[in-house]
Amino acid sequence: MGPRNSLSCLESIPKANTLTVLDNRNGNTYQVDIDDGVISATAFQKMKATGGGGIRIYDPAYLNTAVARSKICEIDGDKGILRYRGYPIEELAEKSTCIIDKYFEVLEVSFLLIYGFLPSKMQLDTWTADVMRHTIIHTKMQELMHSFQYDAHPMGMFISSIAALSTFSPDANPALLGSDLFQKNIQTRNKQIIRLLGKTPTIAAACYRHRIGRDYNEPQANLSYSENFLYMMDHLSEKNYVPNPVLAKALDVLFILHADHELNCSTAAMRHIGSSLVDPYSAVAGAAAALYGPLHGGANEAVLRMLETIGTVDKIPQFIQDVKDKKKKLMGFGHRVYKTYDPRATIIRRVAYQVFEVVGREPLIDVAIELEKIALSDKYFIDRNLYPNVDYYSANNPFKGLIYRAMGFPTDFFPVLFAIPRVSGWLAHWVESIQDPEQKIARPRQVYVGEGKRTYVPLEHRESNDEIPHKHTKHPFSKRSSVASYDGMNK
């Protein structure tokens with residue numbers, strides 16, 4: 001609706017599912033429709049001052065901006081609710097089919113996220129067989145991964161290798177086969193989904209093996225999704241090697257809990273990149289790069305480092321005081337979305353009991369237990385809604401210790417462990433977004449705050465300036481080279 005030039009009392013406007021905006025610059029009022037609790041940002045383009053442009057909404061970190069209508073994941077942060085396609089995460093992690101023909105439920109949840117419903121027995125068997133059939137990676141991919149530096153970070157290897165998968169699938173290249181390839185050809189789209197779900201754990205295991213100087217293991221289709229991952233990581237020369245079922249089940253539950261979490265940083269990146277209609281391998285690689293950041297997938301590692309810094313229980317009171325004095329940061333407590341207990345944290349805590357019956361107790365468990373106990377009873381943290389989140393519990397558990405660390409995973413491998421299950425969620429959002437008629441290529445606007453028009457100044461007429469703005473760290477040999485003499489050296 002257009003503007004109405006009126007300064008009448010807004011209370012006189014009858015109640016409706018609309019928002020009335022009064023522009024104090026010119027006295028115009030506007031009515032904007034409210035749909036599902038949101039208003040259209042483009043409606044503000046119509047609100048113009050005399051001789052000026054429309055209003056834009058400034059939200060640099062998407063603190064209150066919805067960019068999609070999604071049916072995949074529901075979060076109610078005030079109530080501590082997390083649901084996949086309407087199913088509470090507690091039911092999916094604990095009450096779903098535990099074992100069907102040796103396959104745990106992580107692939108069942110992947111199917112649910114991507115296709116929107118729980119599969120039948122036949123559908124699950126076919127789905128699982130198809131995914132496991134595509135776990136093998138090309139020998140040239142193995143050669144590519146072998147070319148990484150011996151101490152390459154596993155997440156860097158993972159991101160690069162996922163991106164490289166696109167070069168092994170020319171049948172999945174929209175640049176060659178048309179921009180609408182994945183919108184119109186459902187079978188081709190499904191093929192890439194199955195390939196990514198199958199090859200992701202194989203690539204992840206290869207990243208781990210590369211770091212420890214071991215040959216890559218071939219996947220085993222007779223094992224479950226999580227068992228196969230553990231096998232590829234750990235098998236040496238043992239005959240009939242089968243990972244411990246308790247650890248495989250625990251990993252499976254962790255994979256379910258991390259499969260999706262609405263439009264977090266990496267999932268938003270997946271949708272943003274996918275909006276260009278690029279292939280899903282490139283989009284997943286970009287999403288994984290976002291997950292690599294220390295404020296996202298790297299947050300779990302920060303919890304572990306914090307506990308190591310505290311060291312012993314007797315040092316916790318001083319640490320708590322340092323947090324209150326803003327000298328230290330309390331990692332793993334509080335969440336952008338959850339304002340009460342993170343529902344995933346409770347499940348991980350229970351699973352940890354079973355894990356540590358097998359692998360034993362971690363030395364830092366007492367620190368984790370006592371820190372949680374003090375923080376949950378301290379008014380300072382209660383008033384700020386600082387409850388333990390999933391990063392705290394998946395790095396450690398107050399009852400049975402540091403779960404990932406106790407299972408033998410190196411700290412820098414944590415982001416890879418998050419990426420494996422999150423591929424399912426990323427793909428679900430990719431499918432939903434490219435099928436959404438409201439979606440277009442993502443193109444946020446900016447507020448330009450730079451210089452006005454300037455005139456180019458030739459180099460010989462510019463003022464002298466000896467400041468070096470591009471100073472950077474240098475390798476130690478640069479010191480020796482800087483004092484050496486050679487032809488063409490700078491005087």
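A residue is called buried when its relative accessible area is under 20%, exposed when it is over 50%, and partly exposed in between, as judged with a 1.4 Å probe and protein chains only. The structure shown is a predicted model, in which local features need pLDDT of at least 70 and side-chain atom pairs count only at pLDDT 80 or more, while totals for chains, interfaces and linings use all residues. Residues are numbered from 1 along each chain as its sequence is written, and side-chain values use heavy atoms, with hydrogens and water left out.

**View 1. The whole chain, as a setting for the close-ups.** The secondary structure comes to 21 helices and six strands, where helices (H or I, at least four residues) and strands (E, at least two) are DSSP runs numbered from the N terminus. Of the 491 residues in the chain, 45% are buried. Taking contact to mean heavy atoms within 4.5 Å, 71% of the contacts between residues at least 6 apart in sequence join residues at least 24 apart.

View 2. Side chains of opposite charge can pair when their charged atoms come close. A salt bridge is counted here when a side-chain nitrogen of Lys or Arg lies within 4 Å of a carboxyl oxygen of Asp or Glu, and by this rule the count comes to 15. Lys121 forms one with Asp125, with the closest N and O atoms 2.6 Å apart, and both residues lie in helix 3, four residues apart, or about one turn of the helix. Lys121 is partly exposed at 45% relative accessibility, and Asp125 is partly exposed at 26%. A salt bridge also links the side chains of Arg133 and Asp130 (2.8 Å, N to O); because these two are three residues apart in helix 3, about one helical turn separates them. Arg133 counts as exposed at 54% relative accessibility, whereas Asp130 counts as partly exposed at 22%.

**View 3. The salt bridge between Glu74 and Arg83.** The closest N and O atoms of Glu74 and Arg83 are 3.3 Å apart in this salt bridge. Glu74 is partly exposed, at 38% relative accessibility, and Arg83 is partly exposed as well, with a relative accessible area of 28%.

**View 4. Helix 9 and the helices around it.** Helix 9 (residues 225–234) is largely enclosed by the rest of the structure, because nine of its 10 residues are buried. Among these buried residues are Tyr225, Phe229, Leu230 and Met233. The buried residues of helix 9 pack against helix 2 (106–115), helix 3 (121–133), helix 8 (186–211), helix 10 (245–257) and helix 20.

**View 5. Thr267 and its contacts.** Thr267 is found in helix 11 (residues 265–274) and, at 0% relative accessibility, counts as buried. If its neighbours within four places in sequence are left aside, Thr267 is in contact with Asp260, Glu262, Arg422, Trp426 and His429.

**View 6. Val447 in its loop.** Val447 lies in the loop between helix 20 (414–435) and helix 21 (477–482). With a relative accessible area of 54%, Val447 is exposed.
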